Amino acid sequence: MRYLALIFGIALGFIGNTQNSVCMVIENNPNVNVSGLSPFAKYVNVLDCFSVYAEGTISDTKVLHAASVAAELLDNDENGFVDDDALKIALQTSNALIPIFFQENSNAENIFFSQYNGEGAAAVLYNDEMNPNQTGYWGSDATVEEVIHVINAVGHTSIYPDAFSIEPNSSLMTEAMDVARGGQFLSVPNQYPSDAWYHYDDQTCDYGCMAIEYMYWSVVS
């Protein structure tokens with residue numbers, strides 16, 4: 001990645017041409033007084049439209065890893081600007097963010113889920129599912145998946161609803177997903193039809209969640 005990660009002004013290193021790099025710095029949480037965001041100690045502003053919040057127990061390396069992944073997804077040509085102006089505006093408007101927790105059911109997570117009332121969070125990350133040395137590798141690093149869920153759910157579904165709306169019968173994507181699942185299922189079926197090729201089976205995932213997961217798997221496939 002060509003994004004140069006800095007911690008308190010100290011360069012960690014980078015790959016590629018620094019001329020195309022954007023410096024990202026870990027700051028103290030500037031929004032401790034915002035409902036739900038008080039437990040986080042570390043913060044990174046990514047391209048002025050996406051925020052990374054992390055508990056103090058999360059290593060700087062992992063915090064910057066999440067920020068770098070977000071930057072690469074938003075600025076694919078690495079010129080220092082978000083590729084899609086409409087997407088940037090949508091993410092800014094909703095204050096898009098990814099929270100990083102040390103573990104499930106941590107005090108920080110409980111405070112976040114009970115008190116956060118914003119529109120910018122669509123996924124979370126946990127310390128033990130992040131591996132900066134295996135970016136996006138299935139089973140090792142969930143950073144790409146969770147960050148792209150936020151970008152898709154907060155951004156693309158709202159600015160391109162005809163293509164990516166996640167409600168039943170609402171978009172080209174849900175139409176395609178219904179075909180891939182062998183029919184329209186508002187909840188997870190006991191068994192998918194034999195002609196289905198998208199078999200996501202998380203019982204906690206409703207139809208809209210299934211659509212976001214389908215969007216992710218379409219991208220990475």
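Q: Before we get going, what does contact mean here?
A: Contact means heavy atoms within 4.5 Å. This is a predicted model, where local features need pLDDT of at least 70, side-chain atom pairs count only at pLDDT 80 or more, and totals for chains, interfaces and linings use all residues. Residues are numbered from 1 along each chain as its sequence is written, and side-chain values use heavy atoms, with hydrogens and water left out.

Q: OK, which residues of helix 1 and helix 4 meet?
A: From helix 1, His65, Ala66, Val69, Ala70, Leu73 and Leu74 meet Thr143, Val144, Val147, Ile148 and Ile151 of helix 4. Helices here are DSSP runs (H or I, at least four residues), as are strands (E, at least two), numbered from the N terminus.

Q: And at what angle do the axes of helix 1 and helix 4 cross?
A: Roughly 55°, and the axes come within 10 Å. Axes are lines fitted to C-alpha atoms, for helices over the stretch in contact, with angles from 0 to 180 degrees between N-to-C directions.

Q: So what do we call helix 1 and helix 4 relative to each other?
A: Helix 1 and helix 4 are oblique to each other. Angles under 35 degrees count as roughly parallel, over 145 as roughly antiparallel, 65 to 115 as roughly perpendicular and the rest as oblique.

Q: Switching to helix 2, which of its residues are buried?
A: In helix 2 (residues 85–94), Leu87, Ala90, Leu91 and Ser94 are buried. Buried means under 20% relative accessible area, exposed over 50%, and partly exposed in between (1.4 Å probe, protein chains only).

Q: Why do the buried residues line one face of helix 2?
A: Looking down the axis of helix 2, they fall within an arc of 95°, so they line one face. That arc is taken from the directions from the helix axis to the C-beta atoms.

Q: What covers them?
A: The cover over the buried residues of helix 2 includes helix 1 (60–74) and helix 4 (143–159). On the other side of helix 2, Asp85, Ile89 and Thr93 are exposed.

Q: What follows helix 2?
A: Asn95, with a positive phi near 55°.

Q: Where does Asp48 lie?
A: Asp48 is in the loop between strand 5 (42–46) and strand 6 (50–54). Asp48 isn't a glycine, yet has a positive phi of about 60°. Most residues other than glycine have a negative phi.

Q: Is Glu78 buried or exposed?
A: Glu78 counts as buried, at 11% relative accessibility. Glu78 sits in the loop between helix 1 and helix 2, and has a positive phi of about 55°. Asp48, by contrast, is exposed at 52% relative accessible area.
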